[in-house]
Amino acid sequence: MQMDNQFPPRKVPNFCSFRYGLSLLLHFCNVIITAQRTCLSLTMVAMVNSTDAHGLANTTTGEHLDHSKNPVYNWNPQIQGFIFSSIFYGALITQIPAGYLSEKYSIKKMIGFAFLLSSLLSLLMPMAAEGGEAFLLACRVAQGAAQGLISIAQHVVWVKWAPPLERGRLTSLSLSGILLGSFIVLLVTGFICQSLGWPMAFYIFGACGCALSLLWFVLFYDDPKDHPYISISEKEYILSSLSQQVSSRTQSLPIKAMIKSLPVWAIALGSFAFHWTNNIMVFYTPTFINSKLRVNIKENGLLSALPSLFAWSFGILAGHLTDFFLSRNILHLVTIRKLFNTLGLLLPPFFSMCLLYWSFSFSSITIFLILASSTGAFCMAGVLINGLDIAPSYYGFLKGITTLIGMIGGLTSSTLCGVILNQDPESAWFKIFFLMAVINVICLLFCLVFGKAEIQDWAKDRQEHTRL
C-alpha cells in the first residue's frame with residue numbers, strides 16, 4: 001500500500017496552522033534542552049581553577065574573567081570528563097523505558113514534567129557545583145534521564161499530529177532545534193560567562209525552560225480531536241489523513257517479531273552509524289581545528305558553531321524535499337528514505353577524508369569541515385524517522401530501542417577517538433575518519449538492502465488482520 005496515493009489532494013491549513021505551531025514549539029523546546037545539556041562544556045572553562053592538572057596557566061580564563069562572578073573549583077581533567085559524560089549515561093538508561101511509557105501514558109504530561117524537571121535542575125547546577133562534584137554529577141545524571149524521556153516522547157507526538165504527506169517537514173522542523181541549540185550555545189555562552197558570570201548561563205537556560213514547559217502544558221494536547229483551539233478544518237484533515245494508520249493499541253508489544261525484523265535492524269544500524277559519526281564531529285571538531293588551523297579560542301568557537309547552523313538548514317531542507325517528492329509522486333517513500341540515508345551516512349566521511357588530502361588553505365579546510373560536520377543532518381529525513389513508517393503503533397518503543405543502540409555507537413566512537421588521539425597523534429585523524437567511513441558504508445549497505453517504508457505485518461492491528 002503506497003502512502004503516496006492514499007489521500008486525495010485538497011485545500012487544508014498549512015504553515016499558519018496549529019500543527020506547524022506545535023512543531024515550532026518543539027523546535028524551541030529542543031533549542032533550550034540542547035542549551036541546558038551542552039552549555040557546561042563551555043562554562044567548564046570558567047569553572048575550573050586557573051591552573052590545570054599539569055600546572056599550565058589557563059590564560060583564557062584567568063586573565064579575562066571576574067572571579068567574583070565566576071567561582072572556580074579544583075577539578076582535574078578526569079573529574080571534568082565524568083561530569084561531561086554523566087548526562088549521557090542518564091539519557092542512556094531512560095531510552096527504552098521512555099519508549100514503553102510513551103505508548104501507555106500521556107505524552108503531554110511526560111514531556112511537560114520532564115522538561116520542567118530538566119529546567120529546575122539547570123537552575124540548581126551552580127548550587128550543586130558549590131556542594132561538590134558528587135552533587136553536580138547527581139544533577140547531571142538526573143537531567144540526562146529527564147532529557148532522555150523528552151527525546152523519545154517527542155517523536156510519538158507525530159503519530160497522531162502529523163499527516164503522512166507532512167511528516168518530513170514537521171519532524172525535521174522540530175528536531176532541527178537540537179542543531180540550532182548547539183549553534184546558539186557556542187555563540188552566547190562565552191559572552192554570558194564573561195559579562196555576567198558562568199552561573200547565569202544555567203539560570204538563563206533554566207528559566208527559559210521553565211517558561212516553555214508551562215507553555216507546553218497550555219498549548220499541547222495528546223490528540224488533535226481533544227484540542228479546544230485547533231480549527232475544525234485542520235482537525236478533520238489530520239484525523240482523516242491518519243484514519244487508516246492510527247489506532248488505540250491494546251495488544252502486547254511484539255518483541256520477538258521486532259527482533260526478527262530486518263527493517264528494524266536496518267534502522268538500528270543506521271542509527272548506530274549516525275550517532276557514531278555525529279559524536280565524533282560534535283566533540284572533536286574543536287580539537288581538529290586546534291591541531292590543523294592553530295586559531296585562538298574565540299575563532300575556534302565560531303568555526304565550531306558554523307557546522308551546527310548549516311546542519312540546521314540541511315535538516316529542514318531534507319524534510320521539505322521529502323514532502324515535495326511525496327506530494328508530487330516523484331519518488332516512493334522507501335526511495336526517499338534510502339536517498340537521505342545515503343546522503344547522511346556517506347557525505348560526512350567523504351568530506352572528512354577531503355579534509356586530510358584536499359585541504360590546502362584555510363578556506364578549503366573550513367568548507368570541508370563545515371560539510372563533514374553538517375551533512376549528517378540529512379538522516380533526519382531518513383533513518384531517524386523511518387520507524388514511524390514501519391510501525392506507527394509501536395513507534396515510541398521502537399524509537400527507544402534504536403536510539404539506545406545509536407547512543408552506544410556514539411559513546412563508543414567518542415571514547416575510541418580519545419584513545420586513538422592519545423596513542424598515535426601523527427596518523428590519528430586518518431584512522432578516525434577511515435574507521436568512520438568503514439562503519440558508515442557497512443551500515444548503509446544493510447539499510448539499502450533491508451530498509452522498508454511500509455507498515456510491517458507485525459505492526460498492524462489484529463482487527464486489520466481480521467478484515468484482510
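Reader: Glad to have this structure to look at. Is R19 buried or exposed, and what is its relative accessible area?

Author: Happy to walk through it with you; keep in mind that this is a predicted model. Buried means under 20% relative accessible area. R19 falls in the buried class, with a relative accessible area of 0%.

Reader: Which side chain meets R19 in a salt bridge at 2.5 Å, N to O?

Author: A salt bridge needs a side-chain nitrogen of Lys or Arg within 4 Å of a carboxyl oxygen of Asp or Glu. R19 has such a contact at 2.5 Å, N to O. The partner is E166.

Reader: How many residues apart in sequence are the parts that E166 and R19 tie together?

Author: R19 belongs to helix 1 (residues 18–47), while E166 sits in the loop between helix 6 (133–161) and helix 7 (167–195). The two residues are both buried. Because of where they lie, the pair ties together parts whose separation in sequence is 147 residues.

Reader: R19 also forms a salt bridge with E234. Which helix holds E234, and how far apart in sequence are the parts this pair ties together?

Author: The closest N and O atoms of R19 and E234 are 3.0 Å apart. R19 lies in helix 1 and E234 in helix 9 (residues 232–241), so the pair ties together parts at a sequence separation of 215 residues.

Reader: Does E234 count as buried or exposed?

Author: The cut-off for buried is under 20% relative accessible area. E234 has 2% relative accessibility, so E234 counts as buried.

Reader: Which residues are linked with R19 in a network of salt bridges?

Author: R19 forms a salt bridge with E166, and R19 forms another with E234. The residues linked with R19 in the network are E166 and E234.

Reader: What about K460: which residue is its salt-bridge partner, and is that partner buried or exposed?

Author: The closest N and O atoms of this pair are 3.6 Å apart. K460 is partly exposed, at 21% relative accessibility. Its partner is D457, and with a relative accessible area of 55% D457 is exposed.

Reader: How many disulfides does the count come to?

Author: A disulfide calls for cysteine sulfur atoms within 2.5 Å. The closest cysteine sulfur to that of C39 is in C193, 8.2 Å away, which is too far for a bond. For C379 the closest is in C447, at 8.4 Å, again too far for a bond. The count of disulfides is zero.

Reader: And what is the relative accessibility of C379?

Author: C379 counts as buried, and its relative accessibility is 0%.

Technical notes: Residues are numbered from 1 along each chain as its sequence is written. This is a predicted model: local features need pLDDT of at least 70, side-chain atom pairs count only at pLDDT 80 or more; totals for chains, interfaces and linings use all residues. Side-chain values use heavy atoms; hydrogens and water are left out. Helices (H or I, at least four residues) and strands (E, at least two) are DSSP runs, numbered from the N terminus. Buried means under 20% relative accessible area, exposed over 50%, partly exposed in between (1.4 Å probe, protein chains only).
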